[in-house]
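Colleague: Could you take me through the sheet in this model, strand by strand, and then through the helices packed around it? I am new to this, so please go slowly.

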Amino acid sequence: MFTAQDSRWMAQALRLAERGLYGTSPNPRVGCLLVAGEDIVGSGWHRRAGEPHAEVHALREAGNAARGATAYVTLEPCSHHGRTPPCADALIEAGVARVVVAVQDPNPQVAGEGLEKLRAAGIKVESGLMEVEARELNAGFFSRMARGIPWVRSKVAMSLDGRTALASGASKWITGEPARRDVQRWRARSCAVLTGINTILADDAQLNVRDAAAFSQTPNNVTPVSVYERGTHPEAGALEEAEDSVASLRQPLRVVLDSHLRLPFDAQVIFGGNTLVYAAVRDDQKMAMLQDLGAEVVVLSGRSGQVDLEGMLHDLAKRGCNEVLVEAGCILNGALLRAGLVDELLLYIAPQLLGETARGMVQLGELASLDQCVNMKWQDVRQVGDDLRVLVKVEKG
């Protein structure tokens, strides 16, 4: 049975985990708090893949005070040797008396073994405290481990009547500067930013994180309008650890769906590397030229001469992608939604009307009945500058 104090300490551990929002992929975001009596004796969070895990940072800070303490960890301590030694062993060696875990690790290499190792060493282990919040913080990691595909979040900037551009294609700018800065944070937390070739041809998008001002803001600059309580919010502590320079941030993989390889050789998305192009047809000459410019090209043929969308997501998961941010037009957004591959919609809504001739946000085709509609659940609603930011989760099955 968990106490109010247990919940208090786990909430702090979750806030620590949030500090790794921009740097831990492909690893999960994890926080650890060591408490002796009423005192915090150690704290830590996983900062970057390949570096020490949260438990190690907390144990180093606590030193001998860790003996007999309670460890609050947002994810089951690992039990296997990866790039770092097992955290379960470190907790055992430090002599902690009790371990409270938010959620079991979905990684098949752990999957309960860390908890069993702790119990076998005589440590009292309890699991399930603030599990929903812990899963939410690592939705992409859980998705990759359980489904073999990343968590897909589609970002759309639109008018109040659901339009994303004029009939001519003009869309700069529907939303204001604060909303555009906010998007930079969502890019930075994503492992990959995905778009279609039509967006590249129309906007010559770079798909990188480039606005340093976005990371100098605190969450207080984003005003809640109404928030559906989910415990700690994924933005709450991460900005405290954002680097001063954008150059030091981990840039997401830039992904372009280009079925017929129409990508221009001077497209901005090619330069600087870290670019992946998925095609449906093989053109050895153009593929070689794109690869010479620094872009990797993968051919994944699907139906109707288009890229295999599900195959693409499986491939991204194999590359260690936990979260994918889609920044595309109505055609690709519609295709992903129809295929059941979108998990969340991140909507920026401007207080303006563009009219019925303007372009819509998603191309779903004609629905014969309301039973065919895409149902969603409200997750979060906030005001960003003059615009609204709405996060909705797509209901499936």
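Modeller: Start with V101, which stands opposite S127 of strand β5. This is a predicted model, so every position I mention is a computed one. V101 and S127 mark a place where two strands run side by side: β4, residues 98–101, and β5, residues 124–127, are parallel and are joined by four bridges. To get from β4 to β5 the chain passes through helix α4, residues 113–120, and this β-α-β crossover is right-handed.

Now widen the view to the whole sheet. It is open and has five strands, in the order β2-β1-β3-β4-β5, and the pairing is mixed. Which strands are at the edges? They are β2, residues 39–45, and β5, each of which pairs on one side only. On average, neighbouring strands in the sheet are turned by 15° against each other, if direction is ignored.

Parallel pairing was the case for β4 with β5. For the antiparallel case, look at β1, residues 31–36, which is joined to β2 by six bridges. In this pair, G31 stands opposite W45 of β2.

Next come the helices that touch the sheet. Helix α1, residues 4–18, lies across β1, β2, β3 (70–73) and β4, and it runs at about 145° to β1. Helix α4 also packs on the sheet, where it touches β4 and β5, and its direction makes about 150° with that of β5.

Helix α4 has a helix neighbour too. How do α3 and α4 cross? Their axes come within 9 Å and cross at roughly 20°. Angles under 35 degrees count as roughly parallel, and α3 is therefore roughly parallel to α4. The crossing of α3 past α4 is right-handed. On the α3 side the contact is made by A88, D89, L91 and I92, and on the α4 side by G114, K117 and L118. Sorted by class, the contact of α3 with α4 has four nonpolar residues, one polar and two charged.

Helix α3, residues 87–94, also packs with helix α2, residues 54–62, at an angle of about 20°, and the axes of the two are 9 Å apart. By that reasoning α2 and α3 are roughly parallel to each other. The hand of their crossing is left-handed, whereas α3 passes α4 in a right-handed crossing. In α2 the residues are E55, V56 and L59, and they meet C87, A90, L91 and A94 of α3. Of the residues in this contact of α2 with α3, six are nonpolar, none is polar and one is charged.

Two local details of the backbone remain. S25 and P26 are joined by a cis peptide bond, with omega at about 10°. D204 is in the loop between α8, residues 197–203, and β9, residues 223–227.

Notes: Residues numbered from 1 in each chain as written. Predicted model: local features only at pLDDT ≥ 70, side-chain atom pairs only at ≥ 80, totals over all residues. Heavy atoms only, no water. Axes fitted to C-alpha atoms, helices over the stretch in contact; angles between N-to-C directions. Parallel < 35°, antiparallel > 145°, perpendicular 65-115°, else oblique. Left-handed = near helix turned anticlockwise from the far one by under 90°. Contact = heavy atoms within 4.5 Å. Nonpolar A, V, L, I, M, F, W, Y, C, P; charged D, E, K, R; others polar. Pairing = 2+ DSSP bridges. Right-handed = clockwise from strand over helix to strand, strands pointing away.
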